[in-house]
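Hi,

Here is the structure I promised to pass on. Have a look at it first, and then read my notes below.

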4 protein chains.
Amino acid sequence: MKIGFIGLGHMGSPMAKNLLKAGQDVTVFNRTPDKSRHLVALGAHAAAALCEVCQREVVITMLTDDVAVSDIAFSNAGLIASLPEKAIHVSMSSISVELSKRLAKAHALAGQRYIAAPVFGRPDMAAAAKLFIIAAGDPATIDDCMPLFESLGQKTSRMGAEPAGANLVKLSGNFLAAAIIEALGEAIALVGKAGIEPHLYVDLLTSTAFNAPAFRLYGSLIAEGSFAPASFAAPLGYKDIRLALAAAEQLHVPMPLASLLHDRFLQLFAQGGDQLDWSAIGGLAAHDAGQRPDTSASSTRSAA
Amino acid sequence: MKIGFIGLGHMGSPMAKNLLKAGQDVTVFNRTPDKSRHLVALGAHAAAALCEVCQREVVITMLTDDVAVSDIAFSNAGLIASLPEKAIHVSMSSISVELSKRLAKAHALAGQRYIAAPVFGRPDMAAAAKLFIIAAGDPATIDDCMPLFESLGQKTSRMGAEPAGANLVKLSGNFLAAAIIEALGEAIALVGKAGIEPHLYVDLLTSTAFNAPAFRLYGSLIAEGSFAPASFAAPLGYKDIRLALAAAEQLHVPMPLASLLHDRFLQLFAQGGDQLDWSAIGGLAAHDAGQRPDTSASSTRSAA
Amino acid sequence: MKIGFIGLGHMGSPMAKNLLKAGQDVTVFNRTPDKSRHLVALGAHAAAALCEVCQREVVITMLTDDVAVSDIAFSNAGLIASLPEKAIHVSMSSISVELSKRLAKAHALAGQRYIAAPVFGRPDMAAAAKLFIIAAGDPATIDDCMPLFESLGQKTSRMGAEPAGANLVKLSGNFLAAAIIEALGEAIALVGKAGIEPHLYVDLLTSTAFNAPAFRLYGSLIAEGSFAPASFAAPLGYKDIRLALAAAEQLHVPMPLASLLHDRFLQLFAQGGDQLDWSAIGGLAAHDAGQRPDTSASSTRSAA
Amino acid sequence: MKIGFIGLGHMGSPMAKNLLKAGQDVTVFNRTPDKSRHLVALGAHAAAALCEVCQREVVITMLTDDVAVSDIAFSNAGLIASLPEKAIHVSMSSISVELSKRLAKAHALAGQRYIAAPVFGRPDMAAAAKLFIIAAGDPATIDDCMPLFESLGQKTSRMGAEPAGANLVKLSGNFLAAAIIEALGEAIALVGKAGIEPHLYVDLLTSTAFNAPAFRLYGSLIAEGSFAPASFAAPLGYKDIRLALAAAEQLHVPMPLASLLHDRFLQLFAQGGDQLDWSAIGGLAAHDAGQRPDTSASSTRSAA
C-alpha cells in the first residue's frame with residue numbers, strides 16, 4: 001500500500017518510522033521540511049508539496065489540532081481536493097467531534113473514504129508501537145487499514161460506524177486522565193499538608209488499589225512537583241478538555257468535573273504555566289492550600 | 001497472642017475467620033451476639049460483655065463509623081477503661097482523623113498502646129486475606145502486630161508514627177475511588193448520549209490505558225446501571241467523603257472535587273438512593289443529561 | 001439624524017418605537033418584513049433591502065446573537081459594504097467580545113465609525129425607555145449618539161474607548177444576574193425542604209437586605225416554580241454565559257461560578273426546558289433535592 | 001419587662017444600649033466583665049454571675065457561635081438550669097439549626113419559653129436600631145417580645161412556629177450574601193483583566209440593575225482590594241456557610257454554590273486571610289487569574 005503521512009511531531013514522527021520499519025512505502029510531509037530528513041534517511045519519500053502527499057492510497061494525518069487538520073483538509077490543494085477517489089484518509093489526530101463530522105461529509109461527497117483512528121498513548125508508546133488505537137467508520141475500510149494499525153499499536157478497538165464516535169471516545173479518555181490528575185492533586189495536597197511524605201503516599205497507592213499506569217505516572221510527577229519538560233503540554237490537554245466540553249454542549253450533558261478541569265487549566269495559564277506538562281494542574285490544589293513545592297525534598301531525592 | 005475482635009460485619013467477620021485459620025486465640029464480640037455463632041463454631045471464644053473482650057493483649061476494632069468506635073472506646077466498661085496496660089488497640093475501621101487523635105491521646109494517658117491500621121479492600125478481598133493494610137503508630141507496636149496483618153492482608157504499608165495519618169490516607173483512598181466513579185459517570189453519560197454502547201466503551205477503557213480494578217468494577221456497574229445490592233453502601237461512602245472534607249477543613253485544603261462528590265451523594269439520597277451501592281453516584285451524570293437507564297440493553301446482555 | 005434600525009424583536013421593536021416618538025427619522029429593517037408594519041404605521045420608513053437601511057447616518061443593530069449580527073455586517077450588501085464613510089454603526093446587541101473586536105477593525109478599515117452600546121433591561125424596560133445603556137468607543141462618536149440614547153434609556157454609562165469593553169460588561173451583568181438566580185434557587189430549595197413557604201421567604205428577603213429588583217423578580221418566579229412564558233429565553237441566557245466564559249478563556253480568568261451556571265443550562269436543556277425563561281435554572285436545585293413543584297400552592301395563591 | 005442580656009460584642013453591645021434607651025430594665029452579662037462598664041454607665045445592671053442574669057423574664061443571647069451559646073445554655077448554672085418557668089429565652093445569635101432544635105426541646109422540658117430571632121445587619125445597623133429581625137416560635141411569645149424587637153430593628157418578619165426555621169433563614173441569608181461576593185469577585189476579575197477600571201465598573205453596576213446595598217458594599221471592597229479591618233470576620237462567614245451546608249446535609253439538598261463558597265474560605269485561610277473581612281473571598285478570583293492588587297490605583301484614588 002502506498003501511504004502518505006502528514007504531521008511529523010512528537011507522535012507522528014515515531015509512527016511514520018514504525019510504518020517504514022514494517023516495510024511500507026511511505027511518503028511524508030511536514031510544513032517544516034527539516035522534520036522529514038531523518039525519515040528520508042530511513043527510506044521515506046519526502047513530498048515537496050501538500051498535493052503530492054495527498055495522491056496516495058492511504059493518507060494518515062497526525063496533527064496538533066483542529067486548525068491544522070482543517071487547513072490540510074480544506075485548503076486549495078489539500079486532502080479533499082487531491083485525494084484520489086476510493087483512497088482513504090485515516091485521521092489519527094485528537095480533533096473535535098464537529099470537525100470529524102465535517103470531514104466525513106466532505107470526503108463522502110468527494111467519493112473518498114474516511115475513518116477516524118485517534119490513539120491513547122504518549123510519545124514513548126508511539127515509539128514502541130504500543131499505542132492503543134480507537135477506530136471508527138466503515139468496517140471494510142478499517143479492515144483495509146488493519147495492517148497499518150498493527151505496525152503502530154498494541155491493540156485496535158472498534159467503536160462503531162460513525163468516525164466521530166472514535167474522536168469522542170479519545171476526548172473522553174483525556175478527560176478521564178485529567179480527572180485522575182485532579183484527584184491525585186487534591187489527595188496529595190491533603191495528606192501532604194498533614195505531614196505525610198508525598199512519594200511514600202504515591203508508592204502506597206500504586207502498589208495497592210490504584211495500580212494503573214496513570215496513577216504511577218501522574219502521582220510521581222505531582223509528588224515531585226516537577227512538570228517540565230512537558231511530555232504532553234498543558235495547552236494540548238486544555239484543548240482536549242475544551243473539545244470534550246464542546247461535545248457535551250452539543251449533546252446537553254452537564255459535566256461538572258470537566259468544568260472544574262477547564263478552570264484548572266485557566267488557573268495554570270494565568271500563573272504562567274503554559275509551557276508545563278498538563279499534569280501541572282495537579283499541583284494547583286497544593287498551591288491553593290498554601291503549600292509551596294518542597295524543592296529540598298526533590299533535590300535530596302534526585303541526589304539519592 | 002490473645003486477641004480480642006470487636007465488630008463482626010461484612011468486613012470484620014471474614015477477618016476474624018482468617019485470624020482463626022491462622023491459629024490465633026481469638027475472642028469475638030458483637031452487639032448482635034448472633035453474628036458470633038459461626039466464628040465460635042470455628043474455634044473463637046465469644047465474649048459475653050464488652051469489658052471481657054477488652055481484657056486481651058491485642059484488641060482489633062472493625063466497626064462502621066465514628067459513633068460505633070467511640071461508644072466501644074469511651075463507654076464505662078469500654079476499651080479505654082478495660083484494656084490492660086501495655087496492651088494494644090488496633091483500630092482498623094474507617095474513622096475520622098479527629099477520633100483517631102482522641103483515641104491516641106486517651107490510650108497514651110491510660111498507659112495502653114494504640115495503632116491505626118485501616119484497610120483498602122471490599123468484603124471479597126477481606127475473605128481472601130487480600131486486604132491492603134495501612135499501618136501507622138509506634139513502629140515497635142506495628143512490628144508486634146505484623147503476624148496478625150499477615151493473616152489478614154496481602155501487604156502492609158507503614159505511614160509514619162502518627163496513627164491518624166493512616167486514617168487520613170484511608171479516607172483519601174476512598175476519595176480517589178469516588179473521583180473515579182464520578183469521572184466514569186460523566187464520561188459514560190457523554191459517549192452514551194452520543195450513541196456509543198456503554199459496555200463496549202468500558203471494555204475499551206479497561207483493556208487499554210485505564211486497566212486498574214476500580215475502572216473495571218465501577219465502569220461495569222455504571223454501564224449496567226445496576227447499583228443494588230450494595231457491596232459498599234452509599235451512606236458509608238458519603239461518610240468517608242465527609243470525613244475527608246472534615247480533615248481538609250482542619251488543614252485548610254480546598255478540595256473542589258471532594259465537594260462535588262459530597263453534593264452527588266446528597267443528590268443521590270434526595271432521590272431515594274440510600275440503599276444503593278456508592279457507585280450509584282456515577283449514574284447521576286446520565287440522569288442530569290436526561291438519560292434513563294436502558295433496561296432493554298442490560299436485559300439483553302444478561303440474557304446473552 | 002437619519003437613523004437605520006435593524007432587528008425588530010422583543011427589544012428592538014419598542015426601542016424603534018421610542019425613537020419615532022422622539023421625532024427621529026427612522027428606517028427599519030427586519031428579515032421578517034411583517035414586523036415592520038406597526039412601526040410604519042407610526043411613521044417609520046420600511047427598507048426593502050438590507051443595503052437600503054445601511055445607507056443612513058447612524059445604523060443601530062439590535063439582534064439575537066453573533067450569527068445574526070455577523071450576517072448583517074459581513075454579507076455582500078451588508079453594513080461594512082454599504083454604510084457611508086463617517087457614518088456610525090451602533091451595536092446594541094449582546095454579542096461576543098471577539099465579534100465586537102472584528103467589527104471595530106472592519107469598520108475602521110472601511111472609514112466608518114463603530115461604537116458598542118449594549119443594554120441592561122428586559123422588554124418592559126425597553127418599552128418604558130428605561131434601559132441602562134453601556135456605551136464604549138470613540139468619545140466624540142458616543143457624544144453624537146447621546147440624543148438617541150436619551151430616547152431609549154434612563155441612563156448611559158461610558159466604559160472607555162474600546163467598544164468590546166462594553167460588550168464584556170454587558171456579558172458580566174448577565175453572569176451576575178444568573179448567579180443571583182442560582183443562589184436564590186439553592187436558598188429556596190434549602191428553606192423550602194425545611195418546610196418554610198417559599199413566597200413568605202422571598203417576601204422576607206426582598207423587604208430586607210436583598211431588595212434589588214433581580215431578587216424580587218427571580219425570587220418570585222422560583223418560588224412560584226413558573227417559568228413560562230419566557231421573558232428572556234433560556235437559550236439566550238445560556239449564550240451569554242458561554243460568551244462570558246469565552247472571554248474568560250481568552251483572558252485566562254477561571255470563573256467556577258460561571259462554569260456552574262453553564263452546567264445548569266445544559267441540565268435544563270437535557271430536561272426539555274429550552275422554551276422556558278432562563279430563571280428556570282433556579283428550579284434545578286429543588287429538583288436535585290427531590291422536590292417537585294408544588295402546583296397546589298401556586299394555584300391556591302393565584303386564586304387568592 | 002425585666003430583661004437579661006448575654007453577649008456584649010460588636011452586635012450585642014449596641015443592641016443592649018438601644019434597649020436601655022427605650023427605657024427597659026436591662027441586666028447585662030459578659031464573660032469579660034469590662035465590656036459591661038459603659039452600659040452600666042447608661043443605667044444597666046451588671047450581673048456578677050451567669051445564673052443571676054438568667055433569673056429575668058426575658059433573656060436575650062447574642063453570642064458568636066454554637067459553642068458559646070451552648071455553654072451559656074447547658075452549663076450547670078446556665079440558662080436551662082436557671083431561667084424561671086414561663087420566662088423567655090430569645091436567641092438572636094447565628095447558630096445552627098441543630099442547636100436551635102436542642103434548645104427548643106430543653107426549654108420545653110424545663111417549662112420555659114424559647115424563640116429564635118436572628119438578625120440581618122452589621123454593627124452599624126445594630127447601633128442605628130435598623131436591624132432586620134427574623135422571628136420564629138410560638139406566636140404569642142413573639143408577641144410578648146415585639147416591644148423589644150421594635151427597639152432593636154426596623155422590621156420584624158415572622159417565619160413560622162418552629163424556632164429553628166428562623167435560624168435556617170438567617171444562614172441562608174448569609175449564603176446569599178457570600179454568593180454575591182463570589183459573583184462580584186469573578187465579574188471584577190474578568191472585566192479588570194480586560195483593562196476596565198474596577199471602581200468605574202462597580203459604580204455602573206450599582207447605579208443600574210444591581211443597586212442593592214450588598215452590591216455597593218462588597219463591590220467597592222473588592223474593587224479596592226482592601227479587606228482589613230474586618231467588619232464581619234472571615235471565620236464567622238465561614239462558620240455560617242458551614243452551618244448552611246450542615247442543614248443542607250440533614251435535608252439532602254445539594255448546594256454546589258455553597259460548596260464553592262466553602263472551598264473559597266479554605267483557600268483564603270490557607271493564604272493567611274483569617275483576620276480579613278469575609279468579603280476577601282471576593283479577591284480570590286482575581287488572585288487565581290494571576291492579578292495582583294493594584295495598590296497604585298487605590299492610592300491614587302485615596303489621594304483624589
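Predicted model: local features only at pLDDT ≥ 70, side-chain atom pairs only at ≥ 80, totals over all residues.

The predictor gives the complex an ipTM of 0.94 and a pTM of 0.94. For chain A the mean pLDDT is 94, with 96% of the residues at 70 or more. The stretch to watch is residues 294-304 of chain A, where the pLDDT is below 50; beyond near neighbours in sequence, this stretch has four contacts in the model.

Now for the core. The largest nonpolar core holds 472 residues, and Leu190(A), Leu190(B) and Leu190(D) touch the most other members. If you click on Leu190(A) and leave out residues up to four places away in sequence, you'll find that it touches residues of chain B, among them Ser172(B), Ala244(B), Leu251(B) and Met255(B).

Chains B and C meet too: six residues of chain C are in contact with six residues of chain B. On the chain C side, these are two nonpolar, three polar and one charged.

Domain 1 puts 10 residues into the contact and domain 2 puts in 12. The domain 1 side has six nonpolar, two polar and two charged residues.

A few backbone details, too. Ala228(A) and Pro229(A) are joined by a cis peptide bond, with omega at about 0 degrees. You'll find Pro229(A) in the loop between α11 (213-224) and α12 (234-251) of chain A. In chain C, the peptide bond from Ala228(C) to Pro229(C) is cis as well, with omega near 0 degrees.

Ala129(A) has phi near 55 degrees and lies in the loop between α7 (123-127) and β8 (131-135) of chain A. Is Ala129(A) buried or partly exposed? It is partly exposed, because 19 other C-beta atoms lie within 10 Å and buried would take 20 or more. For Lys86(C), phi is near 70 degrees, and its place is the loop between α5 (79-82) and β5 (88-91) of chain C. Lys86(C) is exposed, with 10 other C-beta atoms within 10 Å.

Cheers

Definitions and conventions
Residues numbered from 1 in each chain as written. Chains lettered and ligands numbered in written order. pLDDT = per-residue confidence, 0-100. Contact = placed C-beta atoms within 7 Å. Nonpolar A, V, L, I, M, F, W, Y, C, P; charged D, E, K, R; others polar. Core = buried A, V, L, I, M, F, W, Y, C linked by C-beta atoms within 7 Å. Buried ≥ 20, exposed ≤ 12 C-beta atoms within 10 Å, placed from the backbone. Helix = DSSP H or I, 4+ residues; strand = E, 2+ residues; numbered from the N terminus.
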